[in-house]
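Open the structure in your viewer and keep the selection tool at hand.

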Amino acid sequence: MTDKKERPLLPRKQFAYDNVQPKPATEPPLPTSEAAQNHTPNPYRNSNITHEKIAAIRAKATNPTPPKIDHCQPSDTYPESFPHFVRGRDSLREYITSLFTSRIAMYDGAMGTMIQNYAKKNKLEEEEYRGERFKDWKCNTKGNNDQLSITQPHIIKGIYKEYLEVGGSDLIGTNTFSSTTIAMGDYEMEDYVYELNYEGARLAREACDEVTAKDPTKPRFVVGAIGPTNRTGSISPSVEDPSARNVTFDELVDAYFEQVVGLMDGGADILMVETIFDTLNAKAALYAIGEYLEFSGLDIPVFVSGTLVDQSGRTLSGQTGEAFYASIRHAKPMCVGLNCALGAKHMTPFVEKLSKCVECFLHVYSNAGLPNAMGGYDESPD
């Protein structure tokens with residue numbers, strides 16, 4: 001046998017991209033839409049958005065009076081340079097990039113616990129939840145916190161303003177965590193989803209504008225909160241049948257799309273898919289948002305927030321934070337992070353891991369962790 005000849009080492013073929021010099025990133029990866037690529041300001045004139053699917057949702061709205069869906073401001077409301085911001089004049093994508101790269105921005109805290117605190121000092125029973133509007137409703141509604149945006153708007157707006165004025169929040173989430181047709185099925189209020197989202201966003205818009213007017217150098221923004229619903233697209237509700245599902249992907253998309261229309265018409269600046277424990281639900285929400293952006297031609301920053309269920313660092317559907325990001329990065333979110341679950345101390349290593357792989361901004365908003373043996377919480381807001 002003869003020795004095999006060694007293959008000559010040839011230089012690798014060069015392609016055009018081999019000569020592209022790397023540039024430092026100045027902002028998160030942009031969505032592919034023309035509006036996002038060009039940083040086109042959102043005109044906040046939603047009445048100009050007349051796509052048939054959006055119009056059909058507005059047509060069945062239950063609002064007692066026609067909703068005001070345009071939220072633009074005169075271009076001379078505030079000065080033109082950062083840190084001022086005027087809706088319709090300035091690109092929110094550019095503003096958020098400047099804000100997030102100059103300091104740590106503050107997001108608000110939980111809505112449910114603030115409502116519980118209000119109930120400790122004030123009467124908030126079935127009668128108050130129903131209000132005059134739903135006094136003869138067919139089932140109990142106590143616990144439907146999103147409904148309070150309609151029946152007790154002063155409570156919700158008061159909580160918004162507390163987070164803005166006392167907490168110093170730059171961004172506040174709307175009281176719409178469960179405002180989808182799927183989640184509202186528990187209270188037989190599916191028909192009121194558009195109004196719930198509209199009112200939740202409208203109250204937040206009013207609160208932000210009032211606080212911004214007092215100090216225009218610190219604009220406040222409305223984040224449309226899109227919760228996970230009470231059903232999962234990838235997990236069986238039955239231990240006897242792993243293949244069983246109680247919701248389809250298309251049903252999730254339709255539910256989220258209606259929520260998005262209500263939030264945007266109510267004055268939301270940003271959309272956040274939050275507290276995601278099932279990645280398929282997040283994908284459905286992002287698909288619905290993508291549809292809305294395609295139909296409207298707008299550039300709306302999108303945030304995504306996952307939830308790790310225990311110290312294994314995985315979501316309920318089994319993904320690590322890094323895998324979760326890999327599953328949703330195609331949507332080009334402007335900010336990704338984690339919320340709730342474990343408390344600040346135990347979330348730290350998982351946030352650190354996520355920070356090493358995300359290509360966009362990173363956020364974290366923890367809760368007080370799991371209760372101790374006495375049913376209390378060891379972590380404080382500080």
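Predicted model: local features only at pLDDT ≥ 70, side-chain atom pairs only at ≥ 80, totals over all residues.

Residues are numbered from 1 along each chain as its sequence is written, and side-chain values use heavy atoms, leaving out hydrogens and water.

**The sheet.** Select the strands (DSSP runs of E, at least two residues, numbered from the N terminus). There are 6, in an open sheet ordered β1-β2-β3-β4-β5-β6, with parallel pairing. Pairing requires at least two DSSP bridges between two strands. Now pick β1 (171-173) and β6 (361-365): these are the edges, each with a single partner strand, so one side of each has no neighbour in the sheet. From one strand to the next, the twist averages 25 degrees.

**Strand β5.** Select residues 335-339. Here β5 is joined to β6 by 5 bridges, and the two run parallel. Find Gly337: opposite stands His363 in β6.

**A helix on the sheet.** Helices are DSSP runs of H or I, at least four residues. Select α8, residues 193-214, which packs on the sheet and touches β1 and β2 (221-226). Contact means heavy atoms within 4.5 Å.

**Asn175.** Go to the loop between β1 and α8 to find Asn175. Is Asn175 buried or exposed? Asn175 counts as buried, because its relative accessibility is 3%; buried means under 20% relative accessible area, with a 1.4 Å probe and protein chains only. Show the neighbours too: Asn175 touches residues including Met111, Ile115 and Tyr160.

Definitions and conventions: Axes fitted to C-alpha atoms, helices over the stretch in contact; angles between N-to-C directions. Buried < 20%, exposed > 50% of the residue type's maximum accessible area, 1.4 Å probe, protein only. Lists of a residue's contacts leave out its neighbours within four places in sequence.
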